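Please read each point against the structure itself.

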Amino acid sequence: MNKDDINSIKALLSSPKAIVIIPHKNPDGDAIGSTLGLYRYLKMYNHNVIVIAPNDYPDFLKWMPDESTILKYESQQEESDDYIKNADILFTLDFNSLSRIGDMEAAVTAAQGMKIMIDHHQQPDQYAKYMYSDVSMSSTCEMVFNFIDMLGDSDKINSDIATCLYAGIMTDTGSFRFPSTTSATHHIIGNLIEKGARNSDIHNNIYDTNSYERLQLLGRALSNLKVIPEYRTAYITLSQDELNTFNFKKGDTEGFVNYGLSLKGIIFAAIFIENQQENIIKISLRSKGDFSVNKLSRTHFSGGGHTNAAGGKSDLNLNETIDKFISILPQYKQDLKA
Ligand code: 5GP
Ligand code: MN
């Protein structure tokens, strides 16, 4: 995003507009944090702003400032369609392909409003008039901070905005430990704390709200963990029956995939979660170093993401999906073999 783009956007935002802000389907901490942070900022200029999420998200995100104002397209479609159709501007945050917003895709594609993308995933589609796309960024929240700063408004970041942005940077960087965490990330984090983000409370709100059942489900996931040492790979499966046994709720499996990656010597980890309602296996992939799970997911599992964190899905059943997964590993032996 160059100076001209920023000036054009600034001019555009200088009078009240109807604005819709959209995160990806199954929004995570970065998606909800970035949309709510931007929401609060734009509200200060008396724009008519609404965040519309494609579907619901985990309870551990339901404490953020203004979270209760978010519309969910899956259950509030009519109202949402009106906002989308009448929007002057649509911000799309934390994704870069309209296929990532599920059932909202048709309405957003047809929308006449100006689209602005803020995102850090690889290989962006070209649907937006203005694109702030940077794969080197830790998170979309870091980019929303930069965006507000580029507009000359960093002094407008109050404790609510700071809280939202902090939460998203924290979750997308695995609490500041992934390689995407730079000194700039830490400078921004320091700045957000100065502006009133209560770092310890935010961490507690997100990570220390486990239910007993979630921990039991984690126990099951860990006992299902399999290792393929020759490919430095580990994977976990969870069937729908197992999820039901532990009264699975959205978000309960968040972070499970990282346990595979925490094994000594493992550089590639996966989790396969059966979703009977959607009739798919949802896949999360993680890696260390140069091995790109984004590429692997794009090639074999209709997904994508980042080099070290990606997602995808499979239409085969759980066992067939695992067979497929194991059968493709030799294609990556150059990267994976010790
Ligand atoms: P997670 O495994 O935590 O669901 O997602 C890891 C990363 O991959 C996130 O940045 C997420 O946005 C992205 N991602 C997850 N699922 C998909 C998918 O189905 N398609 C694409 N393109 N990206 C995904
Ligand atoms: Mn993100």
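1. Helices (H or I, at least four residues) and strands (E, at least two) are taken here as DSSP runs, numbered from the N terminus. With those names, Asp94 sits in the loop between β4 and α4. The model is a predicted one, in which local features need pLDDT of at least 70, side-chain atom pairs count only at pLDDT 80 or more, and totals for chains, interfaces and linings use all residues. Residues are numbered from 1 along each chain as its sequence is written, chains are lettered from A and ligands numbered from 1 in the order in which they are written, and side-chain values use heavy atoms, with hydrogens and water left out.

2. The metal site. Asp30 (OD), Asp94 (OD), His120 (NE2) and Asp172 (OD) coordinate the manganese ion (ligand 2) at 2.2 to 2.4 Å. Donors are N, O and S atoms within 2.8 Å of the metal (3.2 Å for Na, K and Ca), and since water is not among the atoms, sites may look incomplete. Along the sequence, the spacing of the donor residues reads D-x63-D-x25-H-x51-D. Two of them, Asp94 in the loop between β4 (89-93) and α4 (105-110) and Asp172 in helix α6 (residues 159-172), are 78 residues apart and link distant parts of the chain.

3. Asp94 deserves a separate look. Its phi is near 70°, a positive value in a residue other than glycine. Is Asp94 buried or exposed? Asp94 is buried, because its relative accessible area is 1%; buried means under 20% relative accessible area, exposed over 50%, and partly exposed in between (1.4 Å probe, protein chains only). Asp172 is buried as well.

4. The shell around ligand 1. There are 13 residues around ligand 1, and Arg100, His121, Lys282, Ser284 and Arg286 come nearest; a residue is near a molecule or strand if one of its heavy atoms lies within 4 Å of it. The shell is made up of 2 nonpolar, 8 polar and 3 charged residues. In that division Ala, Val, Leu, Ile, Met, Phe, Trp, Tyr, Cys and Pro count as nonpolar, Asp, Glu, Lys and Arg as charged, and the others, Gly among them, as polar. β10 (280-287), β11 (304-305) and β12 (309-314) each give at least two residues to the shell, and β12 has the largest share, with 4 residues.

5. Contacts of ligand 1. A polar contact is a pair of N or O atoms within 3.5 Å; within protein, one must be able to donate a hydrogen and the other to accept it, and residues adjacent in sequence count only if both atoms are side-chain atoms. Ser284 places a polar side-chain atom 2.6 Å from an oxygen atom of ligand 1. From the backbone, a N or O atom of Gly311 lies 3.3 Å from an oxygen atom of the ligand, and a polar atom of Ala310 is 3.5 Å from one. Ligand 1 exposes 490 Å² when taken alone, and the protein buries 80% of that. Such areas come from the Shrake-Rupley method with a 1.4 Å probe; for residues, only the protein chains shown count as cover.

6. Aromatic pairs. Rings of Phe, Tyr and Trp (its six-membered ring) pair if their centres lie within 6.5 Å; planes under 30 degrees apart count as stacked, over 60 as edge-to-face and the rest as tilted. The count by this rule is 9 aromatic pairs. Tyr166 and Phe176 form an edge-to-face pair, 5.8 Å centre to centre with 70° between the planes. Tyr166 lies in helix α6 and Phe176 in the loop between α6 and α7 (183-194), so this pair ties together parts 10 residues apart in sequence. Tyr166 is buried at a relative accessible area of 5%, while Phe176 is partly exposed at 22%.

7. Phe291 is in the loop between β10 and α12 (293-300) and Tyr332 in the loop between α13 (318-328) and α14 (333-336), 41 residues apart. Phe291 is buried at 3% relative accessibility, and Tyr332 is buried at 14%.

8. Helix α5 (residues 140-150) is mostly covered, with 9 of its 11 residues buried. Among the buried ones are Cys141, Glu142 and Asn146. After α5 comes Gly152, with a positive phi near 80°.
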